[in-house]
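Keep the model open beside you and try each task before reading its solution.

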Amino acid sequence: MNVGGLSASVLHRQLENDGLILRIGPFSFRLVSAIPAIAHELEALYADYPVLDSDQFVDYTVTIAQGSGLRRWLHPQAIFKFDGAEVFVPLPEDHAFPLLEWSMNWCISMHAHHYLLLHSAVIEREGCAVILPAPPGSGKSTLCAGLVHRGWRLLSDELALISLTDAAITPLGRPISLKNQSIDIIRNFVPGAVFSRVVHDTSKGSVSLLKVPPETLTRIRETAQPRWVIFPKYVAGSTPKLTPRSKANSMLELGRNSFNYMVLGLKGFEVLSKVIDASDCYDFQYSQLHDAVAVFDDLVARRNT
Amino acid sequence: MSTGLLESIWTVPERRPELSNREWETLLGQARQARLLARLAAHHIDQGWLTEVPDGPRPHLEGGLRLADRQQHEVRWEVDCIGRALRGFTSPVVLLKGAAYLMADLPPARGRLFADIDLMVPREQIEAVESALFAAGWICEERDPYNQRYYREWMHEIPPLRHVQRNTYIDLHHTITPPTSRFNVDGSKLLANLQPLSGHAGLYVLAPTDMVLHSAVHLFQEGEFGHGLRDLLDLNDLLLHFSKSNGFWDNLLNRADALGLQIPLFHALFHIQRLFGTAAPEHLQSRVERLGPNAFSRTLMAWMLGLALRPDHPSCDTRWTGLARWLLYVRSHALRMPPHLVIPHLIRKAWMQRFPEKKAESA
């Protein structure tokens, strides 16, 4: 049974009471919230995710609560609670859905130490994965959203889940978080794409989440081996340029982009070495998604020759 | 019910829990909140159960253990750095609590998480040690003059010191309880009874009896009970370990008398016996009984602590938990300072929590 198979009233009731249990990549989440926007956005963006029975083990229970007392009516708030504790400062209720997404990221990045976790997007073609690490504002999510609508498969927009045994990357397959101008860029690039309502004035500016392509979920159990590590950078007006980058420096940068490299100690070093050993590393500068698609297609073609 | 899930693991340590998926979730949540996840994992390894834990919860236990292993590695590193920074000092530098358990290889170190490293030095050395640590990169970040004064005049420690590069924290003490406290302990009495840490010249840990008493007094004076169960488990481990040597319990009770810490020891022993069944030997039972306060205080404290020592997790909350925690919080302050100091202090603290912007303006 998928979320899409639940009637709106059943979905609302589950979210408000015991929670809605979803399988998301290798994890199970119980989502609890009485905020109507969360139910609406889940209907729109999570329709194809499996709903689990209430007797299944749940990795993370995410509660997005409302403020209490008078505040609930005067300044409605959305509050992320985990194990009963408030993790972030409360946000306006308006921000509830992006907050839910951030909260789910937090759960994984703080606890899933059975993976090496990198802050990066991951896409795949022909079993080979591209890791796209980058600081916010570099156009990582825009590039990722563009490419997964031009022949690449989305593994993750935010978190690379790397196996501690063989460095394979497990798909997470969550909606892609787009900010500010990127929202319109992808609207134009992907006609018919499904977005969550744009939320303005968040700490990251205006935010909207993009529904994943169907292939992401039908192939959610297929892992991929790392083959490229590419550091994207959006530079307005630039021509696309792919520049080789030293493996040593790329490894340092990936370590810096990791949530738990330090936690894993020697194991983290060994896994990251495997990733880098298996990967060609590049810097990639671009301004147009069409150009980027051509450059990435060329990577795959050159690999086969 | 799930309320006692986490404590019950250590009530009968060799009894393997039979848990539903939902109970596993609750147990892991309670353990995370009580900072006992890695300890729970270590317990499963010691009992040989880890491989039989279902696939759902097992990665959570293993992940907790990885985090604790890494922190312990880092604490050893930090202790080396501290040792180097304070090498010139002739007066002793004492590791307290977690760092002491770890470096002295004591049982509570297993699966223990760390937030900071607690050090104790003679009071007259505080400034010199602070400067030496400053030279090695640990800075005091407390800018608020009121808080500076609160710590330096009334407390047994100075404000936390943060390492500028590694973001690790040191709490520097000159004794184990505030000088204004009802249970004030003269630091020099503790310093007279230290044990050297082998392999680390200049570093010491407290004597076994003092380590137990410090852990007991810490549990009840901090006012925050999020780590209460963890602290009780620490104490239980220490008691089981030290009581292997003859005369430990007699020494412990004598030392509690000498330092005036009978009441904290009484409450700690009461709850350790209640939860884990560890008790003083037969011939000392009546003496332990006499440590305690009057019957009314005993009953009230037993009730409040019984609630507050549960993990701070929604599955453990009753309608009275909040009240019990608040009463204990107020009590902890009342023990720390006499009324003419504590009442203005708590009012100021409550005000600052409500109107933090005002603080920025007035600073």
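The exercises below go from a sheet to a helix pair and then to domains.

This is a predicted model, in which local features need pLDDT of at least 70 and side-chain atom pairs count only at pLDDT 80 or more, while totals for chains, interfaces and linings use all residues. Residues are numbered from 1 along each chain as its sequence is written, and chains are lettered from A and ligands numbered from 1 in the order in which they are written.

**Exercise 1. The sheet of chain B**

Find the order of the strands in the open sheet of chain B, and say which strands stand at the edges.

Solution. Start with the terms: helices (H or I, at least four residues) and strands (E, at least two) are DSSP runs, numbered from the N terminus, and two strands pair if DSSP finds at least two bridges between them. Next, trace the seven strands of chain B: the order is S3-S4-S5-S2-S1-S7-S6, with mixed pairing. Strand S3 (138-140) and strand S6 (195-196) of chain B each have a single partner strand, so these two are the edges, each with one side left without a neighbour in the sheet. Now look at one pair: S1 (residues 93-96) and S7 (residues 203-205) of chain B run in the parallel sense, joined over three bridges. Within this pair, Val93(B) has Leu203(B) as its bridge partner.

**Exercise 2. Two helices of chain A**

Describe how H1 and H2 of chain A pack.

Solution. First take the geometry, with axes as lines fitted to C-alpha atoms, for helices over the stretch in contact, and angles from 0 to 180 degrees between N-to-C directions. H1 (residues 8-16) and H2 (residues 36-45) of chain A pack at about 125°, and their axes are 10 Å apart. H1(A) and H2(A) are therefore oblique (under 35 degrees is roughly parallel, over 145 roughly antiparallel, 65 to 115 roughly perpendicular, and the rest oblique). Then list the contacts (C-beta atoms, placed from the backbone, within 7 Å): Ala8(A), Leu11(A), His12(A) and Leu15(A) of H1(A) meet Ile38(A), Ala39(A), Leu42(A) and Glu43(A) of H2(A).

**Exercise 3. The domains of chain A**

Solution. Begin with the bounds, which come from an automatic or database domain assignment: domain 1 is 3-111 and domain 2 is 116-304 in chain A. Their centres, taken over C-alpha atoms, are separated by 25 Å. Across the contact, 16 residues of domain 1 of chain A meet 22 residues of domain 2 of chain A. On the domain 1 side, H4(A) gives the most, with six residues.

Notes:
Contact = placed C-beta atoms within 7 Å.
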